[in-house]
Amino acid sequence: MRHLLPVVAASFLCLPLAAQDKPSRPKITGIDHVRISVTDLGNSRQFYAKLFGIRPNGGACDDKSGRCFTVGKQGNQRIELEHAPASGTKNRIAEIAFATDDVEKMRNYLVAHGVSASKISKYRYDKQIIEAHFEVRDPEGNPISFIQRFFYAIDDFGFGDPWFVRIIHAGMIVRDRASEDKFYKDILGFHVYWHGGMKDDETNWVDMQVPDGTDWLEYMLNVSPEADHHTRGVMNHIAIGTSDIKAATEHLREVGAVPILEQPKIGRDGKWQLNLYDPDDTRVEFMEFTPVQKPCCSDYTGPHPGSKQ
């Protein structure tokens, strides 16, 4: 039986307002969902349904389309799939949605800062408003949305695996960091959680953490405009956080999600990680919540994600 638990709780225009006239920013607490474009829904369903800690339907997903996957036991994050042609789709991360505690104030706040935003759309279930959201595009045209949930869907029978997982970050190719920072840092209040590169004196990755939570958006810098399909899939990616990368790896081997072509390793950020690739070469990175050794290049400047978040 399924029931509802109440929640307790861009293109840019050159039209600056006086600071005192601008509304304050509501909270941005984390990633609500990521939508991924795929060329073959059947193959992609099989891949995502077998991932560690991921299940079709239930929890945050209330439809039977097979395109929605709940992340974690009784989780309220989700991965969504949409069909897109093989040609003409360079970034298969179709949307990153961030959770906010007041979607109307968030839209007013962004519009006051010169950001073009869609109208607010509301989703109802059994005549109750379950969630409301709107869309914008960041300065490089990446689709971003903000969503407020008024109820969380809870299943009486939770996911059988005992391990906690959650989406902890999503990565995207960034060409102009300064331009993106004006949106994510200056307007939205994101801050650098960690940055690093393949060499200690390089910055290839910048983790921009949400202002009121532990999830982050990862800038993937210095990527050639002529990068091939696989490289773009490596860079435009999602990450699933886990407390135990070895348990995740053993589970993935048992269920045969995909051939595991790489072994778990400690990344430059000091965290254990394992990379998988969906049928369209979009990278799904499993990553432990906390580092096991000192990271290269910079110190962490924000709280780590974890099962108590």
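Helices (H or I, at least four residues) and strands (E, at least two) are DSSP runs, numbered from the N terminus.

Before going on, a word on the model: it is predicted, so local features need pLDDT of at least 70 and side-chain atom pairs count only at pLDDT 80 or more, while totals for chains, interfaces and linings use all residues. Residues are numbered from 1 along each chain as its sequence is written, and side-chain values use heavy atoms, with hydrogens and water left out.

Leaving aside neighbours within four places in sequence, Glu262 is in contact (heavy atoms within 4.5 Å) with Leu274, Asn275 and Tyr277. Take Asn275: it is 13 residues from Glu262 in sequence, and the two are 6.7 Å apart in space, C-alpha to C-alpha. Their side chains are joined by a polar contact of 3.2 Å. The side chain of Glu262 also makes a polar contact with the side chain of Tyr277, at 3.1 Å. A polar contact is a pair of N or O atoms within 3.5 Å; within protein, one must be able to donate a hydrogen and the other to accept it, and residues adjacent in sequence count only if both atoms are side-chain atoms.

## Trp205 in its strand

Now look at Trp205, which is in strand β13 (residues 205–209). Trp205 is buried, with a relative accessible area of 16%. Not counting residues up to four places away in sequence, Trp205 touches several residues, including Trp194, His195, Met220 and Arg268. Glu218 is on the list of touching residues too; Trp205 and Glu218 are 13 residues apart in sequence and 6.5 Å apart in space, C-alpha to C-alpha.

## Aromatic rings

How many aromatic pairs does the structure hold? There are 14. Rings of Phe, Tyr and Trp (its six-membered ring) pair if their centres lie within 6.5 Å; planes under 30 degrees apart count as stacked, over 60 as edge-to-face and the rest as tilted. Phe183 and Tyr184 have ring centres 4.8 Å apart and planes at 75°, so this pair is edge-to-face. Both Phe183 and Tyr184 are buried.

Tyr193 and Tyr300 make a tilted pair, 4.8 Å centre to centre with 50° between the planes. Tyr193 lies in strand β12 (residues 191–196) and Tyr300 in the segment after β18 (283–288), so the pair ties together parts that are 107 residues apart in sequence. Tyr193 is buried with a relative accessible area of 0%, and Tyr300 counts as buried at 18%. There's also one aromatic cluster, with Phe98, Phe146 and Tyr219 among its members.

Strand β7 (residues 121–125) and strand β8 (residues 128–137) pair in the antiparallel sense over five bridges. (Two strands pair if DSSP finds at least two bridges between them.) Ser121 has His133 in β8 as its bridge partner. The two strands form a hairpin with two residues between them, and Asp126 in the turn has a positive phi of about 55°.

β8 also runs antiparallel to strand β9 (residues 143–149), joined by seven bridges. Arg137 has Pro143 in β9 as its bridge partner. This hairpin has five residues between the strands, and Gly141 takes a positive phi near 85°.

Methods:
Buried means under 20% relative accessible area, exposed over 50%, partly exposed in between (1.4 Å probe, protein chains only).
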